[in-house]
Amino acid sequence: MPALLRAYQVSEKAAKCNFDWPDLPSVMNKTAEEWSEFGQALKNGDKEAAKMEFGDILFTLVNVARWAGFDPEIALVSSTAKFESRFRKMENSVWEKGLNLDEIPRNEVENLWNKVRESE
């Protein structure tokens, strides 16, 4: 079972047992708290703690999706597809000039990204 789906099911079960946030803003605040803890673990150089905190961020974001009324797996699939499409457009734009993206300075890549986004 995909990890996002499992997290969603676990959080739904907990919510049915009245172990849940009271509202969407509360779970969103929890996400910010987890993000802060992740940053602190990175700052401390504690890779294991950072990994766990990152997992907490993902789990909390799954709950944000649940509260917002959509499946996080579907959201991620859609977002990834959108990114892939935009990235391919950038690659094609550069290939037409006989270049590869890794040969372009970072600021030009960023400009290409913005042009692709604006064209949609």
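The structure is a predicted model. Its chain contains five helices and zero strands, and from the N terminus on the elements run α-α-α-α-α. The radius of gyration of the chain is 19 Å, well over the 14 Å that the globule rule gives for 120 residues, so the chain is more spread out than a compact globule. Taken along the principal axes, the C-alpha atoms fill a box of roughly 60 × 35 × 30 Å. Of the 120 residues, 24% count as buried. Among contacts between residues at least 6 apart in sequence, 61% join residues at least 24 apart.

With a relative accessibility of 67%, Phe 19 counts as exposed, because the term applies to values over 50%. Phe 19 and Ala 75 are 56 residues apart along the chain, and their C-alpha atoms are separated by 24 Å.

Helix H3 comes next. This helix comprises residues 47-68. At 1.5 Å a residue, the 22 residues of H3 should span 32 Å, and the end C-alpha atoms are 31 Å apart, which agrees. The buried residues of H3 are Ala 50, Glu 53, Ile 57, Thr 60, Val 62, Asn 63, Val 64, Ala 65 and Arg 66. What covers these buried residues includes helix H1 (3-16), helix H2 (24-43) and H4. Just after H3, Gly 69 takes a positive phi of about 90°.

If residues up to four places away in sequence are not counted, Thr 60 touches Val 27, Lys 30, Thr 31 and Glu 34.

In soluble globular proteins, nonpolar side chains tend to be buried together. In this model, the largest nonpolar core has eight residues, namely Met 90, Val 94, Leu 101, Ile 104, Val 109, Leu 112, Trp 113 and Val 116. Helix H4 (72-95) and helix H5 (106-119) each supply at least two residues of this core. The largest share, four residues, comes from H5. Leu 101, one of the core residues, touches Phe 87, Met 90, Glu 91, Val 94, Val 109 and Leu 112, not counting residues up to four places away in sequence.

At 1.5 Å a residue, its 14 residues should span 20 Å, and the end C-alpha atoms of H5 are 20 Å apart, which agrees. Val 109, Leu 112, Trp 113 and Val 116 are buried in H5. Seen down the axis of H5, these buried residues fall within an arc of 100°, so they line one face of the helix. The face turned away from this buried side carries the exposed residues Asn 107, Lys 115 and Glu 118. What covers the buried residues of H5 includes H4.

Phe 38 lies in helix H2 and Phe 54 in helix H3, so the pair ties together parts that are 16 residues apart in sequence. Phe 38 has a relative accessible area of 15% and is therefore buried, whereas Phe 54, at 39% relative accessibility, counts as partly exposed. A second pair joins Phe 83 and Trp 113, whose ring centres are 5.2 Å apart and whose planes stand at 40°, so this pair is tilted. Because Phe 83 lies in helix H4 and Trp 113 in helix H5, the pair ties together parts that are 30 residues apart in sequence. Phe 83 is partly exposed, with a relative accessible area of 45%, whereas Trp 113 is buried, with a relative accessible area of 17%. Ring pairs also link Trp 35, Phe 38 and Phe 54 into a cluster.

Methods. Residues are numbered from 1 along each chain as its sequence is written. This is a predicted model: local features need pLDDT of at least 70, side-chain atom pairs count only at pLDDT 80 or more; totals for chains, interfaces and linings use all residues. Side-chain values use heavy atoms; hydrogens and water are left out. Contact means heavy atoms within 4.5 Å. A nonpolar core is a set of buried Ala, Val, Leu, Ile, Met, Phe, Trp, Tyr and Cys residues joined through side-chain atoms within 4.5 Å. Buried means under 20% relative accessible area, exposed over 50%, partly exposed in between (1.4 Å probe, protein chains only). The expected span of a helix is 1.5 Å times one less than its number of residues. The arc is that of the directions from the helix axis to the C-beta atoms. Rings of Phe, Tyr and Trp (its six-membered ring) pair if their centres lie within 6.5 Å; planes under 30 degrees apart count as stacked, over 60 as edge-to-face and the rest as tilted. The radius of gyration is taken over C-alpha atoms; the globule rule is 2.2 Å times the number of residues to the power 0.38.
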